[in-house]
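Please open the model in a viewer and keep the selection panel at hand. The stops below proceed from the whole chain to single residues.

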Amino acid sequence: MIIKFIKKIWHDPVISKVIAIGIVAIIGYFGGIFTWIISIITILYYLINKSISISFWLLFLLVTFPIFSIAKFIKKIIINGDASKNNYKEYCQDVLLGIKWRWKYSSTDNKIYGLMAFCPFCDYQVYPHYTSSYQIIDNIGFKCDYCGKVLESYDFSYEMLEDRIIRMIQKYLRTGEWEKRIDHVMNND
Ligand SMILES: [Zn+2]
């Protein structure tokens, strides 16, 4: 009896099409952008093939439900875009040229500023000192006053060192290497 009824519906040109559209509408609601495209194609097909007139509410469902999927999809893109745009600001510390550096980003032009040096072993803030007895020669070095470790020394000035560090950070930001380095720094903290 039921099978007979289904068969009758299945072969009915109007009802079978209505069911088909209904199924597509439901898929369109739960699916993403691709099912939405399928929904649109189905709508166009049935509008061109005017052998039946689909009811207004069915057309309404077919168009509006997939719009939620589209809205969700667009929202996701916008949120992800924003996140990746600002994520790099999480990269604000790294061990570079043997010293641990921390810095900030200017909120107006995203410039790197406030560079500070820390001991890579105990995280105590360190300051440069001249390593040459001739103060005219710009040799600087770092020694940790807390753990006593003798850290790196350089044969150039602190200004030059800061400039190099900033250029290294800028390079990592440009090339996307910062993402790998941020994991590395986090795991070593
Ligand atoms: Zn230290």
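How many helices and strands are there in the chain? There are 6 helices and 6 strands, where helices (H or I, at least four residues) and strands (E, at least two) are DSSP runs numbered from the N terminus. This is a predicted model, in which local features need pLDDT of at least 70 and side-chain atom pairs count only at pLDDT 80 or more, while totals for chains, interfaces and linings use all residues. Residues are numbered from 1 along each chain as its sequence is written.

Colour the chain by secondary structure: from the N terminus, the order of elements is α-α-α-α-β-β-β-β-β-β-α-α. Of the 189 residues, 13% are buried (20 or more other C-beta atoms within 10 Å of the residue's own; exposed means 12 or fewer, partly exposed in between, with C-beta atoms placed from the backbone).

Next, select residues 128-130 and 150-154, which are β4 and β6, the edge strands, each pairing on one side only. They belong to an open sheet of 3 antiparallel strands, ordered β4-β5-β6; strands pair if DSSP finds at least two bridges between them.

Move to L97, in the loop between β1 (93-96) and β2 (99-105). L97 is not a glycine, yet its phi is positive, about 50°. L97 is exposed because it has 11 C-beta neighbours inside 10 Å.

Finally, select D123, in the loop between β3 (112-118) and β4. The phi of D123 is also positive, near 70°, and D123 is partly exposed, with 15 other C-beta atoms within 10 Å.
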